[in-house]
Amino acid sequence: MRAGGDGPTTSGELAGALLGAPHRFGGRWLDEDAKTVVAVPSSWPPDERLTARISAGAREAGADHVLAGQAGERHAAEDLIEVRVPEAGPLAGLPRPDGDLLLALPGLSGAVLVTGQGYALVAGDARFVRACLDTGIDEARARFARYARRLAGSRPEMLAVSEEFPPRHPPASTPAEVAPGSGVAEQLSLMGALARGELPAAAFAPAWLAAHRRALTGGERVRDALERALLDVFYALEDYAADPSLREPGDLSDEELTSRVRASLGALVPPGGS
């Protein structure tokens, strides 16, 4: 379906509004509302996995269609296509690209630039970008950096892309490395309060899960012993119901949950520490 309305109607107009250098979004568009950019691996033409993620991002943004066009002078006069966003699954009916493919939300609050260089750029507010990924923003950037290093011999341009959009926060492997005020810091604080008997298990569970979601939303990354300890608590909470009337056989009691959390905290104490 041909695009209409007050926004861009041709590929050239869309590219002019969104792009700057070749294979890059323009700084002016990115500066509006301080958009986030994440590079992700991409096949050419875009595969179903990527188009399914873009579809998920559009649904999260409340869009029922995306605008599709191609970058490059030879496509400038082509009409944009309105691609319907399905209730589930990937986008269908995309133009078969022979240049960079642009997919944008109505209103241009978010967009995806699929290049023929082995990567795509996802840009927009954090909510849209996260929905287009299968992990947090920083983790996606870190994954792309590893991917770019593996292909540095054949695709050196991807190293430059990964360096342009690096992770914002280094991963923490110990409590000492966790940023104060972060979601992970709150998770650890709640675990300590439960272990010391300062917080009941029924109040700990929803508060810890809320902090966990905040850490994911903020793209906070953990690794090694800290990652294992937080995962242990997360899995323990999957087997715990704060309301005793809702507990099933095999679910953890308040005391058992507290014991699991103490064990997770104990695993973070270095040898000889206290």
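These questions and answers cover helices, pockets and a cavity in a predicted model.

Student: What makes Ser 264 count as buried?
Tutor: Its relative accessible area is 4%. Buried means under 20%. Ser 264 is therefore buried.

Student: Where is Ser 264 found, and with which residues is it in contact?
Tutor: Ser 264 is found in helix α10. Leaving aside neighbours within four places in sequence, Ser 264 is in contact with Met 191, Ala 229, Asp 232 and Val 233. Contact means heavy atoms within 4.5 Å.

Student: Which residues of α9 are buried?
Tutor: They are Leu 226, Ala 229, Leu 230, Val 233, Ala 236 and Leu 237.

Student: How do you know that the buried residues of α9 line one face?
Tutor: Look down the helix axis. The buried residues of α9 fall within an arc of 120 degrees, so they line one face of the helix.

Student: What lies on the other side of α9, and what covers its buried residues?
Tutor: Arg 228 and Glu 238 are exposed on the other side. Exposed means over 50% relative accessible area. The cover of the buried residues includes α7 (183-195), α8 (201-217) and α10 (254-266).

Student: How does the reach of α9 compare with what is expected?
Tutor: Helix α9 runs over residues 224-238 and has 15 residues. The reach from its first C-alpha to its last is 21 Å, close to the 21 Å expected at 1.5 Å a residue.

Student: What span should α5 have, and what does the model give?
Tutor: Helix α5 has 14 residues, which should span 20 Å at 1.5 Å a residue. The end C-alpha atoms of α5 are 20 Å apart, so the span agrees.

Student: Which residues of α5 are buried, and what covers them?
Tutor: The buried residues include Ile 137, Asp 138, Arg 141, Phe 144 and Tyr 147. Among the elements that cover the buried residues of α5 are β1, β6 (119-124), α4 (126-131) and α6 (157-164).

Student: What makes up the lining of the largest pocket?
Tutor: The largest pocket has 22 lining residues, and those closest to its centre are Leu 216, Glu 220, Arg 221, Val 222 and Glu 227. Helices α5 (137-150), α7, α8 and α9 each supply at least two residues of the lining. By class, the lining has 9 nonpolar, 5 polar and 8 charged residues. The space in this pocket is about 520 Å³.

Student: What about the second largest pocket?
Tutor: About 280 Å³ of space lies there. Its lining has 16 residues, with Val 40, Pro 41, Arg 49, Leu 133 and Asp 134 nearest the centre. Elements β1 (36-41), α3 (48-60) and α5 each supply at least two of the lining residues. The classes are 8 nonpolar, 3 polar and 5 charged.

Student: Why is a space called a cavity and not a pocket?
Tutor: In a cavity, a 1.4 Å probe fits but cannot get out, whereas a pocket is open. A search of the whole structure finds 1 cavity of 30 Å³ or more. The largest cavity holds about 40 Å³ of space.

Student: What makes the lining of the largest cavity nonpolar?
Tutor: The lining residues are Ile 54, Ala 58, Val 66, Leu 103, Ala 104, Leu 105, Val 112 and Phe 128. Ala, Val, Leu, Ile and Phe are among the types that count as nonpolar. The tally is therefore 8 nonpolar, no polar and no charged residues. Both α3 and β4 (101-104) supply at least two residues each.

Key
Residues numbered from 1 in each chain as written. Predicted model: local features only at pLDDT ≥ 70, side-chain atom pairs only at ≥ 80, totals over all residues. Heavy atoms only, no water. Helix = DSSP H or I, 4+ residues; strand = E, 2+ residues; numbered from the N terminus. Expected span 1.5 Å × (residues − 1). Buried < 20%, exposed > 50% of the residue type's maximum accessible area, 1.4 Å probe, protein only. Arc of directions from axis to C-beta. 1 Å grid on protein atoms, 1.4 Å probe; cavity = no way out; pocket = protein on both sides within 12 Å on 5 of 7 lines; lining within 4 Å. Points joined across faces, edges and corners; volume = space filled by probe spheres on them.
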